[in-house]
Amino acid sequence: MIAAGDPSAEVLSFEALADSRRSILAAEQAAGRDVWVFAYGSLIWNPAFHFVERRTGLIHGWHRRFCLWTALGRGTPDRPGLVLGLDRGGTCRGLVFRIAAAAVEEELDLIWRREMVTASYTPRWVTAATPEGPVRAIAFTIDRTQPRYAGRLSEEETARVLAGAHGQLGSCRDYFRSTLDHLVALGIRDHGLEALRRRIAALEP
């Protein structure tokens with residue numbers, strides 16, 4: 001379905017996804033242990049996996065940005081939308097979810113099929129500062145080498161896309177609102193998204 005709806009997307013096989021999961025766990029010698037996952041976008045408000053603990057977390061060296069074109073889920077080939085990625089630089093405050101060791105294989109399989117199927121992100125280990133102390137967590141950072149990377153679009157252009165694009169999973173506007181509303185509910189400020197909200201509101205009739 002993804003390949004047919006968005007010819008620009010590179011779709012990974014289940015074998016490639018499994019190899020990627022094993023590689024990231026091996027990099028941290030995390031096999032047989034609880035695993036934390038860092039959420040900065042839709043994983044915050046729709047994790048769709050089982051976890052045993054949730055905390056707010058702050059990471060350095062990465063920031064939340066609408067930098068990935070989508071011609072399927074939140075857009076179409078004629079009018080692509082934008083979804084979030086972790087791009088280089090700055091900081092990002094989000095959530096970290098702890099997955100119990102016994103459930104890591106099954107739950108990471110679900111996450112990989114959702115986040116990694118189109119090879120748009122690079123999974124990596126980051127250190128997240130939490131109220132209870134730092135944890136090592138898996139984060140899905142944008143792959144700047146793949147063709148759907150949008151780069152640093154202007155705030156005006158980003159707002160225009162978010163205000164008008166929609167696809168099989170719904171509108172970019174709803175995706176944006178769900179993310180910002182949940183960040184606000186968690187007490188997390190994102191000045192970039194707040195500025196985009198004002199821009200989008202100005203485009204409404």
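**Salt bridges and their surroundings**

Arg-22 counts as exposed, at 51% relative accessibility, where exposed means over 50% relative accessible area, buried under 20% and partly exposed in between, computed with a 1.4 Å probe on protein chains only. The model is predicted, so that local features need pLDDT of at least 70 and side-chain atom pairs count only at pLDDT 80 or more, while totals for chains, interfaces and linings use all residues. Residues are numbered from 1 along each chain as its sequence is written, and side-chain values use heavy atoms, with hydrogens and water left out.

The partner of Arg-22 in a salt bridge (a side-chain nitrogen of Lys or Arg within 4 Å of a carboxyl oxygen of Asp or Glu) is Asp-19, with the closest N and O atoms 2.5 Å apart. Asp-19 is partly exposed, at 46% relative accessible area. Both residues belong to helix α2 (residues 14–27), where 3 residues, about one turn of the helix, separate them; helices here are DSSP runs of H or I with at least four residues, numbered from the N terminus.

In helix α4 (residues 104–115), Arg-113 and Asp-109 lie 4 residues apart, again about one turn, and their salt bridge has its closest N and O atoms 3.3 Å apart. Arg-113 is partly exposed, with 40% relative accessibility. Elsewhere, salt bridges that share partners join Asp-34, Glu-53, Arg-55, Arg-98 and Glu-132 into one network.

Arg-55 is buried at 14% relative accessible area, whereas Glu-53 is partly exposed at 22%. Across the whole structure, the search finds 14 salt bridges.

Definitions and conventions: Helix = DSSP H or I, 4+ residues; strand = E, 2+ residues; numbered from the N terminus.
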